[in-house]
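I opened this notebook to keep track of what I looked up in one structure, entry by entry. The sequence and the model come before the notes.

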Amino acid sequence: MKLEGRVAIVTGAAQGIGRAIAEKLKQEGASIAVADLNGEGASAVAQQLDGLAIEGDISSEADAKSIAEQTLGRYGKIDVLVNAAAIVPFVPWDEVDFAYWRKIMSVNLDGAYLISRAVEGPMRAAGYGRIVHIASNAFLAGTPNMGPYLAAKGGVVGLTRALATELGRYGITANAVAPGITRTEGALATPHKDAFDFVQSLQAIPRHGLPADIAPAAAFLASEESGWVTGQLLVADAGHIRN
Ligand code: 4PL
């Protein structure tokens, strides 16, 4: 139980990797704020975990602040942010127009900034914090049909390094996890579902990735014992990419 007494916000926690991380952090003893654009989904997961459901859009500055405030109101502190909220697009490059580019950047990169900003104040005041962003090994692999997503996830890695540098003096670490292709509701709803066997042929461990395969890496970075690790990208992808 390496998160006993800790309070964690998990964004994108209604489904997929975010949900698996929320479940894992709960198992490790944390109280969980289950934040998601999908309020009904957030409520269902929060009920399962005896946590706090928060409906909100991290690409809205007001919503990002509200997620932090509601968590403080219920639990009195924020020890951990795991930001798993993201759009997982499949869009051929020729169909990427500027409006679509902006949409992905808004949620996947602006959202990472806004939710980090919203939690860093209380973390600074407490002299303790663990920020974990969910990036992707697609940034490392150059996976096709995800142009704006690759750019945004690269930005998330840069943001993570900046947060580590700027916030280390306040007792806050910032790291990112780079999952490989994972059997989430989001990925399975797109043509990415047809890539699992091909990607498996590139992995060291020959099976499809599940959300529960990613959660332990996030839990380590969310825990106190990871305190000497900051600004890092932890690749959790069965050996698809050797970073
Ligand atoms: C290798 O993050 O990392 C498909 C879909 N293939 O979302 C991803 C790979 C996808 C990925 C990703």
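I began with Gly12, which is buried, at a relative accessible area of 14% (buried means under 20% relative accessible area, with a 1.4 Å probe and protein chains only). I placed Gly12 in the loop between S1 and helix H1 (16-27), where strands (E, at least two residues) and helices (H or I, at least four) are DSSP runs numbered from the N terminus.

Before going on, I noted that this is a predicted model, in which local features need pLDDT of at least 70 and side-chain atom pairs count only at pLDDT 80 or more, while totals for chains, interfaces and linings use all residues. Residues are numbered from 1 along each chain as its sequence is written, and side-chain values use heavy atoms, with hydrogens and water left out.

Next I looked up what surrounds Gly12: leaving aside neighbours within four places in sequence, Gly12 is in contact (heavy atoms within 4.5 Å) with Gly18, Arg19, Ala35, Asp36, Ala84 and Ala85. Of these I checked Ala84, which is 72 residues from Gly12 in sequence, although the two C-alpha atoms are 5.0 Å apart in space.

I then turned to the sheet, an open one of seven strands in the order S3-S2-S1-S4-S5-S6-S7, with parallel pairing (two strands pair if DSSP finds at least two bridges between them). Strand S3 (52-55) and strand S7 (233-236) stand at the edges with a single partner strand each, so one side of each has no neighbour in the sheet.

For strand S1 (residues 7-11) I found five bridges to S2 in the parallel sense, and Ala8 stands opposite Ile32 in S2. S1 also pairs in the parallel sense with strand S4 (residues 80-83), over four bridges, and there Thr11 has Asn83 as its bridge partner. In strand S2 (residues 31-36), five of the six residues are buried, so S2 is largely enclosed by the rest of the structure.

My last entry concerns helix H4 (residues 98-126) and helix H6 (residues 147-167), which pack at an angle of about 20° with their axes 8 Å apart; axes are lines fitted to C-alpha atoms, for helices over the stretch in contact, and angles run from 0 to 180 degrees between N-to-C directions. H4 and H6 are therefore roughly parallel, a term for angles under 35 degrees. Among the residues that make this contact are Tyr100 and Trp101 of H4 and Pro148 and Tyr149 of H6.

Key
Angles under 35 degrees count as roughly parallel, over 145 as roughly antiparallel, 65 to 115 as roughly perpendicular and the rest as oblique. Buried means under 20% relative accessible area, exposed over 50%, partly exposed in between (1.4 Å probe, protein chains only).
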